Amino acid sequence: MIRFDNLSFGYSHKKMLYNNLTLSVENGSIYGLLGKNGAGKSTLLKNIAGTLFPIKGTVYVDGIEPRDRKPSFLRTIYYLAEDVYVPALTIKQYQALFAPFYPLFSQDDFYKNLRELEVGIDSKLNKLSFGQQKKFVIAFALACNTKILLMDEPTNGLDIPSKAQFRKLIASAMNDERIIFISTHQIRDLENMIDKVMIVDNGNLLLYSSITEIGEKLCFKTVKQIPEGANILYTEKMLRGTSVIMENINGEDTAINLEHLFNGVTENPAIAQKIFPIN
Amino acid sequence: MDFRDNQPIYLQIAEYVCDQLLLKKWLPANKILSIRDLAVMMEVNPNTVQRAYDFLQQQEIIINKRGVGYFADENAIDKVIKLRKEQFIKNELPLLFRNMYLLNLSTSEITQRYEDFIDQNFKES
């Protein structure tokens with residue numbers, strides 16, 4: 001479990017990004033961290049990984065503070081940065097150098113992942129194309145079998161078949177003990193992988209809810225006329241009518257559209273807050 | 001698999017399982033795909049497949065044998081048909097009735113067309 005306890009963070013004391021953020025993250029879910037560029041997605045992940053420290057408040061990962069960077073903590077977490085950096089090593093050399101830090105690293109998983117993502121294993125890493133490098137680090141990150149896996153924009157730079165392979169790998173890597181965090185602004189790529197949604201904007205957590213709860217509280221549909229008196233979170237004119245997200249008062253079970261939800265929540269945070277009170 | 005945008009994903013997964021049973025690709029009283037394998041195949045979160053399986057268990061279409069896995073019920077096909085019938089009556093029939101009313105189509109005309117349709121598509125010549 002990850003717990004943020006009154007976390008405040010800013011890159012300078014004058015301009016704070018997060019103010020008094022308190023929330024808990026349970027095991028056994030894939031968290032989708034959604035936000036525009038500069039919204040504070042990577043910042044949040046780096047506070048969990050212990051590469052950035054809160055100015056006030058505390059982050060606890062299973063009771064341990066990441067900022068202490070204890071080896072016993074670091075071996076349980078993998079942070080996959082958005083920008084890929086790979087040294088001039090072969091895949092085997094890279095594994096020999098970095099895998100020993102992760103006691104649950106599985107060579108079988110590693111080669112299986114590389115095979116499924118179609119990354120050749122004989123090449124020097126820095127000679128690979130950007131997309132191949134990205135797939136290599138994904139294959140490695142998943143093979144480390146850490147309890148916590150943080151991935152910053154993992155589908156950036158992947159071609160369409162690789163995105164599908166990526167989803168399959170995530171589905172097979174998931175279990176009740178793990179926490180997988182995926183930050184993205186390309187919601188479509190991962191729509192069906194996420195079961196808990198976090199939407200951040202300007203360092204504010206605007207929404208934190210499970211897909212099940214979203215389905216219970218909101219209904220997503222296309223209507224000819226917007227019903228009067230309904231609590232509307234989002235509308236968008238479409239060819240066939242108007243796409244709306246409104247409060248689900250009749251217990252309807254509709255398909256969630258995360259892109260519309262994201263737009264609705266960032267445009268009307270006050271309405272979202274009313275339907276989904278945080279804390 | 002391509003998902004439609006008019007129904008929650010978990011219900012579409014449940015529908016897929018029902019289709020496999022009706023098509024006899026998955027057999028009654030036999031083991032069915034594990035949650036993980038189906039999640040990988042469909043590229044969805046395993047918790048979503050879990051939700052679909054919970055739903056199918058409530059309908060007694062599948063059974064969870066602890067430690068062994070999920071199995072199709074012995075009478076799975078009858079139960080799928082019963083469930084589909086309920087869904088058809090609840091979701092599709094009102095639309096059909098509404099259009100019949102708007103277009104002033106009589107039930108006798110519909111009966112005739114229904115019988116022709118069955119003759120053309122499902123009767124062996």
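**Ground rules.** I am working with a predicted model, where local features need pLDDT of at least 70, side-chain atom pairs count only at pLDDT 80 or more, and totals for chains, interfaces and linings use all residues. Residues are numbered from 1 along each chain as its sequence is written, and chains are lettered from A and ligands numbered from 1 in the order in which they are written.

**Chain A.** I found 10 helices and 12 strands in chain A (DSSP runs, numbered from the N terminus: H or I of at least four residues for helices, E of at least two for strands). Buried residues make up 40% of its 279 residues (buried means 20 or more other C-beta atoms, placed from the backbone, within 10 Å of the residue's own). Its C-alpha trace spans about 65 × 45 × 35 Å along the principal axes.

**Helix α1 of chain B.** I checked the length of residues 9-22: the ends should be 20 Å apart at 1.5 Å a residue, and the C-alpha atoms agree with 20 Å (the expected span is 1.5 Å times one less than the number of residues). The buried residues of α1(B) include B:Ile9, B:Tyr10 and B:Leu21. Among what covers them are α3 (46-58) and α4 (76-102) of chain B. Just after α1(B), I noted a positive phi of about 65° at B:Lys24.

**Where the chains touch.** I looked up 16 residues of chain B in contact with 17 of chain A (contact means C-beta atoms, placed from the backbone, within 7 Å). On chain B's side, α1, α2 and α3 each supply at least two residues.

Technical notes. Buried ≥ 20, exposed ≤ 12 C-beta atoms within 10 Å, placed from the backbone. Contact = placed C-beta atoms within 7 Å.
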